[in-house]
Structure formats: structure tokens, C-alpha cells
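User: Please take a close look at one part of this model, the disulfides, and describe their geometry and surroundings in one connected account.

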Amino acid sequence: MKFIPALITTLSIAALMMGCATRYPLDIPEEQWETMTSEQRLQARQQQAALDQARAEQRAAQARAREEEAARQRAELEVRRQEAGFGERIQCVLSDAEAYLGGSWRSVQPLALDLVQGMELGFEMQAVEDGRVRRRGTGHAYFDGTRLTLCPRSGQYQNQASACAQLVGTTNDYRRGLREQVDGHRFLRGQLRCDLHPASAVPRRRN
């Protein structure tokens, strides 16, 4: 059984060599790197550093752009909420909810949505176990005046609404309070209650 320690030693050395494998700047092959002069190697390192910095700056700029766009959308949504006309704004709560996360249905925290007709709203689903969030998922809600659609992906209400959870009612239904069990295929299900927002529940007088 003397071969076992030798085998372990060999495997350890191989793993060490793999972990120490060198990646040369600009993905230059090792054979080429070995033939380069010190000055050429320095130039390659400088070029790699410049590329790394440019990529980091690009990622930072993209992150800032996303944050700015999200802030713009939040501001636009708030304006639309304040200016919503009769029947254009609803508030909804999804309770006793389950989301299809990680390949199975899991109980998630209740969802609260404040929607304006014609504007899509993203939301997050959280599966909590033992007081901790174990799984997260996202969805997108859209209200067209009569139909509320909860979908896994943005824009899906336009051409794949059958894969979404939906609630349909008239303005009077929402004004009285509309409650139904909704179910989106392998996405989200639960008891959904929607009402007109108080500011949107009374027709405005015309001057």
C-alpha cells in the first residue's frame, strides 16, 4: 500500500501546478511570452492594465446609467400616480402567495402593488424560511385599465399573457374591490385583491 502516499503527493503537486497556472497579459501564449524582451513584456502589461481600467470604467458607467434610468422611471411613475384620472390607478395585495423558485413552489411574502394604467412596474418575490430570505425572484406587473397582468419577464403581457397571472374587471369592479385567486404557470399564484386608489376612485369634475 506504499503507492497511496505517492499517489496523494502526485495529485497534490498537480493541483498546485494547476492553481498556479499563469495567465499572461493580453492572453499571450506562454511560448510567445518566453521569446519576448523585457521591454515587450512591460508594454504588454501596460496595455493589459489600460484594458482592465477601461473595462472597469465601462462597467461603472453602465451601472450609473442603469441607476439613472431606474430613478427616471421612478420619478415618472410618481408623477403619473399623482396625475392619474378616474379608474387609472389601482392598489393591489397578493396574499397566501407562492412563487415557482428554484424548481419548486415556495411560499413568498405578501406583495403590495401601486399601479398606474399603461406603466409597467417591476416587483420582487421573497421566499422566507426560519426568518431568513432563502430565495428571491422578480416579476413585472401591468395594468391596462381593465386587466392586471403579473408576468415573469418585462413586456410579456404584450404577446405571452397566457403565461402570466391575470385579474380582469371593470372600473366598477375595482371600485368595489375585486378579489380572485390567480395562477401563472410556473410563476406565481395566490389570492389577489385590487381596489381603485382613493384619488382615482371619484370622477373629476370638468370645468
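**Disulfides of the predicted model**

C194 counts as buried, because its relative accessibility is 0%; buried means under 20% relative accessible area, exposed over 50% and partly exposed in between, with a 1.4 Å probe and protein chains only. The model is predicted, so local features need pLDDT of at least 70 and side-chain atom pairs count only at pLDDT 80 or more, while totals for chains, interfaces and linings use all residues. Residues are numbered from 1 along each chain as its sequence is written, and side-chain values use heavy atoms, with hydrogens and water left out.

In one of them, C194 is bonded to C92, with 2.1 Å between the sulfur atoms. This pair links distant parts of the chain, 102 residues apart: C92 lies in strand β1 (residues 89-101) and C194 in strand β9 (residues 188-196). Strands (E, at least two residues) and helices (H or I, at least four) are DSSP runs numbered from the N terminus. C92 is also buried, at a relative accessible area of 3%. The S-S torsion of C92 and C194 is about 115°, so this disulfide is right-handed.

C151 and C164 are likewise joined by a disulfide, S to S 2.1 Å. Here too the pair links distant parts of the chain, 13 residues apart, with C151 in strand β6 (residues 147-151) and C164 in the loop between α4 (156-159) and β7 (165-168). The torsion about the S-S bond of C151 and C164 is about 110°, which means that the disulfide is right-handed. C151 is buried at 1% relative accessibility, and C164 is buried at 5% relative accessible area.

Counting bonded cysteines along the chain, the disulfides follow the pattern 1-4, 2-3.

How values were computed:
A disulfide is a pair of cysteine sulfur atoms within 2.5 Å.
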